[in-house]
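Look over the sequence and the structure first.

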Amino acid sequence: MDAAERRLARVAAHLVPSFPVTHGTTPPIGPTPTAASSSSSSSSSPAGDSYRRVHGDVSSEPPEWRAATDESGKPFVDIIYEKAVGEGIAKITINRPDRRNAFRPLTVKELMRAFNDARDDSSIGVIILTGKGTKAFCSGGDQALRDSDGYVDFDSFGRLNVLDLQVQIRRLPKPVIAMVAGYAVGGGHVLHMVCDMTIAAGNAIFGQTGPKNPPFFVSLSHPPPLLQSVSQVGSFDAGYGSSIMSRLVGPKRAREMWFLSRFYTADEADKMGLVNTVVPLAELERETVKWCRQILRNSPMAIRVLKSALNAADDGYAGLQELGGNATLIFYGTEEAKEGKNAYMERRRPDFSKFPRKP
């Protein structure tokens with residue numbers, strides 16, 4: 001009986017460390033008033049949590065952002081690319097607020113340049129994708145530039161290169177967090193869905209602009225005040241925009257979003273599992289940076305493999321290739337792999353007998 005009481009006391013001390021535990025007595029199972037009040041103020045991070053007791057909370061101070069570029073050195077036109085000084089956070093901002101941050105082919109090319117640079121920078125561990133201003137995260141493709149073969153800006157032919165961007169975000173071995181204020185609709189809605197996580201401001205609006213006749217609405221430069229989509233633009237996304245949505249919110253709700261072309265508030269999106277959390281607009285970047293700092297505390301290789309594993313089921317052979325590539329990367333760091341390489345370079349037979357064949 002004494003052993004059982006001691007075990008129960010240890011469990012209670014872990015759950016409620018502020019409770020004074022006396023040997024041979026059984027503390028109450030319910031939380032103390034101090035623990036209860038602290039947990040009510042932050043339900044996701046109770047004061048008695050042993051992890052925070054050891055590691056402490058991440059800083060809530062705003063980061064110092066510094067302009068960045070890629071190896072080409074070319075200035076960006078449609079985006080803003082920044083890195084937090086002394087931290088492993090990159091921020092990529094679609095900078096077309098006059099078009100509700102709608103993308104054109106140049107926008108997508110620049111986004112891909114920035115994501116490539118963030119991937120290759122070993123000091124970066126997490127990336128924020130957002131839109132300039134508070135009125136829109138991204139309103140999809142700029143309909144004023146849409147032609148019969150895609151979107152045309154400076155070339156004489158159309159492009160749908162945003163599909164390559166979607167794949168790039170999925171395969172990038174670092175978490176990408178969508179920081180959404182205002183409209184995330186159409187192709188912009190798909191962009192937030194292919195990101196690993198979404199943090200939404202209270203003013204965020206989500207939806208697909210839908211498979212209907214295009215004349216009603218040329219672009220979201222002047223969106224309607226109502227939360228009903230009169231912006232059907234005769235388009236659809238039968239790739240990630242459908243499959244990932246179905247995974248996130250379920251097939252019935254995905255059909256509703258596509259077939260009815262409705263828009264949804266941030267709270268509605270939160271309830272259906274479309275976003276991770278909703279915060280006041282004034283707290284959006286602060287909360288997003290806090291999530292980034294929490295991610296950066298964790299093992300980068302574990303995060304890398306987990307991302308590819310979580311995507312593998314939906315991405316078919318490409319997903320398996322990404323997961324398998326990460327396994328190869330881990331293996332290359334082992335003594336067993338080094339023995340094989342060294343034996344080849346030294347023109348001798350490798351000796352793998354010294355490595356255990358684990359069950």
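Which residue in S3 does Ile-80 stand opposite? Ile-80 faces Thr-93. The model is a predicted one.

In general, strands of a sheet pair through backbone hydrogen bonds, either parallel or antiparallel.

S2 and S3 belong to an open sheet of 7 strands. The order is S1-S2-S3-S4-S8-S10-S13, and the pairing is mixed. Strand S1 (65-67) and strand S13 (277-279) are the edge strands. Each of these two pairs on one side only. From one strand to the next, the twist averages 25°.

## A salt bridge across the chain

The whole structure holds 18 salt bridges. One of them joins Glu-87 to Arg-293. Their closest N and O atoms are 2.7 Å apart. Side chains of opposite charge can pair when their charged atoms come close.

This pair links distant parts of the chain, 206 residues apart. Glu-87 sits in the loop between strand S2 (79-84) and strand S3 (89-94). Arg-293 lies in helix H10 (residues 284-296).

## The four-strand sheet

A second open sheet has 4 strands, in the order S5-S9-S11-S12. Its pairing is mixed. Strand S5 (136-138) and strand S12 (263-265) stand at the edges. Each has a single partner strand, so one side of each is left without a neighbour in the sheet. The twist averages 25° from one strand to the next.

S5 runs parallel to strand S9 (residues 183-185), and 2 bridges join them. Within this pairing, Ala-136 has Tyr-183 of S9 as its bridge partner.

## Helix H5 and its two partners

Helix H4 (residues 105-120) and helix H5 (residues 162-171) have axes that come within 10 Å. They cross at roughly 15°. H4 and H5 are therefore roughly parallel to each other. The crossing is left-handed. On the H4 side, the contact includes Val-108, Leu-111, Met-112 and Phe-115. On the H5 side, Val-162, Leu-165 and Ile-169 are among the residues met. By class, the contact of H4 with H5 has 7 nonpolar, 2 polar and 3 charged residues.

H5 also packs against helix H6 (residues 187-194), at an angle of about 15° and with the axes 9 Å apart. That makes H5 roughly parallel to H6. H5 passes H6 in a right-handed crossing. H5 supplies Val-162, Leu-165, Gln-166, Ile-169 and Arg-170. H6 supplies Val-190, Leu-191 and Val-194. The contact of H5 with H6 divides into 6 nonpolar, 1 polar and 1 charged residues. Val-162, Leu-165 and Ile-169 of H5 take part in the contacts with H4 and with H6.

## The H11 and H12 pair

How do the axes of helix H11 (residues 300-312) and helix H12 (residues 316-332) cross, and within what distance do they come? They cross at roughly 160° and come within 8 Å. That makes H11 roughly antiparallel to H12, because angles over 145 degrees count as such. The crossing is left-handed.

H11 contributes Met-301, Arg-304, Val-305, Ser-308, Ala-309 and Ala-312 to the contact. From H12 come residues including Gly-316, Gly-319, Leu-320, Leu-323 and Ile-330. The contact of H11 with H12 counts 8 nonpolar, 4 polar and 2 charged residues.

Notes:
Residues numbered from 1 in each chain as written. Predicted model: local features only at pLDDT ≥ 70, side-chain atom pairs only at ≥ 80, totals over all residues. Heavy atoms only, no water. Axes fitted to C-alpha atoms, helices over the stretch in contact; angles between N-to-C directions. Parallel < 35°, antiparallel > 145°, perpendicular 65-115°, else oblique. Left-handed = near helix turned anticlockwise from the far one by under 90°. Contact = heavy atoms within 4.5 Å. Nonpolar A, V, L, I, M, F, W, Y, C, P; charged D, E, K, R; others polar. Pairing = 2+ DSSP bridges. Salt bridge = Lys/Arg side-chain N within 4 Å of Asp/Glu carboxyl O.
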